[in-house]
Amino acid sequence: MNRPGAVGALLDIYEQAILDLKNVIKSIPDNVLTNITDEKTTNEDCKSIQAILSHVVSSGYSYAISIHNLKGHNIQRPDKIFHVTIVEYLKDLTNVFLFTESVFREIKDDELEQFDDSLKIKTGWGQLYDIEQLTEHAIVHILRHKRQIEKIKYSQLN
């Protein structure tokens, strides 16, 4: 991790966020993945560690695909997959980063910021982001769910 330029900085920080999440989840026993950890939530993506991790992986691909498609490609977001082992999620998180890294091979530093809304990415939730903003969102998304899983680990798994 020490890629050059602004693109390199974003990739380095994203990779570190994913590594930090992997370090948090690697000690979670497989048999607790599907345990309901939040009885009150109405958000299906937050009911269990399995749901959270499947959401994180799916979202990671979605962000990268949105950026990739901005460059004229037309690939679809893969279906969300629910695994029963942490090892599978560790592999998925590695693959999300490798895919994102490959998408960024087409991105130059001067393409990260975009002030013309017509050239921005419209997210699934309706906001307009340039590549830098969407990548920063992807990084913070990982960090927020890492924090969520840390809180579950320390309150329910000890």
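These legends describe close-up views of a predicted model. Residues are numbered from 1 along each chain as its sequence is written, and side-chain values use heavy atoms, without hydrogens or water. Local features need pLDDT of at least 70 and side-chain atom pairs count only at pLDDT 80 or more, while totals for chains, interfaces and linings use all residues.

**View 1. The largest pocket.** About 270 Å³ of space lies in this pocket (a pocket is an open set of points on a 1 Å grid over the protein atoms alone where a 1.4 Å probe fits, with protein on both sides within 12 Å along at least five of seven lines; lining residues have an atom within 4 Å of a point). Of its 15 lining residues, S62, Y63, S66, R77 and G124 are the closest to the centre. The lining has 5 nonpolar, 8 polar and 2 charged residues, and helix α2 gives the most to it, with 7 residues.

**View 2. Helix α2, residues 49-70.** The 22 residues of α2 (helices are DSSP runs of H or I, at least four residues) reach 32 Å from first C-alpha to last, close to the 32 Å expected at 1.5 Å a residue (1.5 Å times one less than the number of residues). In α2, 19 of the 22 residues are buried (under 20% relative accessible area, 1.4 Å probe, protein chains only). Just after α2, G72 takes a positive phi of about 100°.

**View 3. The second largest pocket.** About 160 Å³ of space lies here. Residues N43, D45, C46, H55, H137, H141, R144, H145 and Q148 line the second largest pocket. Helix α4 (residues 131-156) supplies the largest share of this lining, 5 residues.

Methods:
Points joined across faces, edges and corners; volume = space filled by probe spheres on them. Helix = DSSP H or I, 4+ residues; strand = E, 2+ residues; numbered from the N terminus. Nonpolar A, V, L, I, M, F, W, Y, C, P; charged D, E, K, R; others polar. Buried < 20%, exposed > 50% of the residue type's maximum accessible area, 1.4 Å probe, protein only.
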